[in-house]
Amino acid sequence: MVYKFRVILDAEEDIFRDIAILAEDTLEDLHNAIFNSFGFDGMEVASFYTCDETWNQEDEISLFDTGDVLGEQKIMSDYKLADILDDENTKIIYVYDFINMWTFLVELAAIEEEEPGNFYPETLFSHGEMPDEAMEKNFEADNADDYANDYEDGLDEDDLDMFEGDDSFEDYGFEENWN
């Protein structure tokens, strides 16, 4: 079977590639097809992330084993596309180059029969030019304000006056202890 993906750059302008790849190929093969179709050199680290229907990031699948015990962590080459994506699970997130954070939304658009004579993976369609820089990411939790409110203690600058004149704190000095 052939999986046909639409790979969309997370950017303001529409920039995407349609890629056909064999269902038995691995996530590493898809990684290679993506960076080649977008014109990257492939010299940067990348990861896929499983996600839900609304693109909420879940589990990381990295290019290299970054675990504490070598061989314990599964990597891209361990996952066949058919094992992770199907008619029910069609979305995955791809991040290339963790310095620039090129982020792509990868969606399985079709599962079709392999066409004799075609070589896979194959870029079927290309739309849009890659920008010079990745879009800046905002890493803030959806409910960050809720956490701040949970820990708000109501203290302000005036409350710090309670420590004035309190000799119970020993002055350790800066110079003699930090040189």
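Helices (H or I, at least four residues) and strands (E, at least two) are DSSP runs, numbered from the N terminus. This is a predicted model: local features need pLDDT of at least 70, side-chain atom pairs count only at pLDDT 80 or more, and totals for chains, interfaces and linings use all residues. Residues are numbered from 1 along each chain as its sequence is written, and side-chain values use heavy atoms, with hydrogens and water left out.

**Exercise 1.** Classify the ring pair of Phe48 and Tyr94.

Solution. Rings of Phe, Tyr and Trp (its six-membered ring) pair if their centres lie within 6.5 Å; planes under 30 degrees apart count as stacked, over 60 as edge-to-face and the rest as tilted. The structure holds nine such aromatic pairs. Here the centres are 4.9 Å apart and the planes at 40 degrees, so the pair is tilted. Now locate both ends: Phe48 is in strand 3 (residues 46-51) and Tyr94 in strand 5 (residues 91-96), 46 residues apart. Phe48 is buried, at 0% relative accessible area. Tyr94 is buried, also at 0%.

**Exercise 2.** Which residue has its charged end over the ring of Phe38?

Solution. The test: NZ of Lys or CZ of Arg within 6 Å of the ring centre and within 35 degrees of the ring normal. Arg17 is the residue, 4.5 Å from the centre of the Phe38 ring.

Conventions:
Buried means under 20% relative accessible area, exposed over 50%, partly exposed in between (1.4 Å probe, protein chains only).
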